[in-house]
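Please keep the sequence and the model in view while reading.

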Amino acid sequence: TDPTITVRALKRAAPYIRMYKGKVFVIKASGGVFGDSASTRALMEQVAILHQVGIRVVVVHGGGAQLTEVQESMGIEAKMVAGRRVTDAKSIEVTSMVLNGLVNTQILGICRDVGINAVGVSGVDAGLIRAHKRPPVQVEGATVDYGFVGDIDLVDVKVLEQLLNDHIMP
């Protein structure tokens with residue numbers, strides 16, 4: 001590689017690195033990114049660069065495609081209304097298995113490979129996220145109850161800061 005390109009890139013990046021060092025970036029990525037290990041690795045390699053320059057990163061991940069696949073393999077029909085998932089009692093169990101187990105573990109394994117000392121948590125861990133059940137809504141003239149789907153009321157920033165300070169960037 002041409003060293004002048006690297007030097008130019010670092011000169012352009014330096015002000016941003018100074019501005020954001022020690023800050024927290026929250027990245028929300030859909031489950032589609034985590035559908036294959038190459039896409040997951042590409043994202044986590046970018047996160048690793050941010051981590052290496054002192055930017056603390058929280059990745060909030062989805063896993064809808066993986067959830068649908070596992071539900072179908074278990075004989076549970078994935079029910080969608082107007083593009084949103086309806087989550088009944090059985091589906092919430094599978095959701096927990098897929099998001100907290102399958103997807104999160106895949107991400108953490110790749111984090112370890114790219115040098116990120118990551119910790120995986122769910123919204124229920126240490127009361128990180130407080131939410132309430134979404135009330136039934138009118139969709140195309142029908143009342144739809146999305147089940148265990150909720151709306152976020154609060155993210156406990158103290159819990160997040162403790163995780164970041166104690167585990168991610170000591």
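## A salt bridge between a strand and a loop

D145 counts as partly exposed because its relative accessibility is 40%, where buried means under 20% relative accessible area, exposed over 50% and partly exposed in between, computed with a 1.4 Å probe on protein chains only. D145 is paired with K133 in a salt bridge whose closest N and O atoms are 2.7 Å apart; a salt bridge here is a side-chain nitrogen of Lys or Arg within 4 Å of a carboxyl oxygen of Asp or Glu. K133 lies in strand β5 (residues 129-133) and D145 in the loop between β7 (142-144) and β8 (150-155), so the pair ties together parts that are 12 residues apart in sequence. Helices (H or I, at least four residues) and strands (E, at least two) are DSSP runs, numbered from the N terminus. K133 is itself partly exposed, with a relative accessible area of 47%.

## How the model is read

This is a predicted model, in which local features need pLDDT of at least 70 and side-chain atom pairs count only at pLDDT 80 or more, while totals for chains, interfaces and linings use all residues. Residues are numbered from 1 along each chain as its sequence is written, and side-chain values use heavy atoms, with hydrogens and water left out.

## Other salt bridges

How many salt bridges does a search of the whole structure find? The search finds 4, among them the pair formed by R41 and D113, whose closest N and O atoms are 3.1 Å apart. This pair links distant parts of the chain, since R41 sits in helix α2 (residues 37-52) and D113 in helix α4, 72 residues apart. R41 counts as partly exposed at 30% relative accessibility, whereas D113, at 54%, counts as exposed.

Another salt bridge joins the side chains of K90 and E93, at 3.5 Å from N to O. Both residues belong to helix α4, where they are 3 residues apart, about one turn of the helix. K90 is partly exposed, with a relative accessible area of 43%, and E93 also counts as partly exposed, at 45% relative accessibility.

## Helices α3 and α4

Two packed helices are described by the angle between their axes and the distance between the axes. For helix α3 (residues 64-73) and helix α4 (residues 89-113), the axes come within 9 Å and cross at roughly 125°; axes are lines fitted to C-alpha atoms, for helices over the stretch in contact, and angles run from 0 to 180 degrees between N-to-C directions. α3 and α4 are therefore oblique to each other, given that angles under 35 degrees count as roughly parallel, over 145 as roughly antiparallel, 65 to 115 as roughly perpendicular and the rest as oblique.

The contact (heavy atoms within 4.5 Å) is made by Q66, L67, V70 and Q71 of α3, together with S91, V94, T95, V98, L102 and V103 of α4. Within helix α4, T95 counts as buried because its relative accessibility is 15%. Leaving aside residues up to four places away in sequence, T95 touches L67, T87 and N100.

G35 is placed in the loop between β1 (24-29) and α2. Is G35 buried or exposed? At 56% relative accessibility, G35 counts as exposed. The C-alpha atoms of G35 and V103 are separated by 8.7 Å, although these residues are 68 residues apart along the chain.
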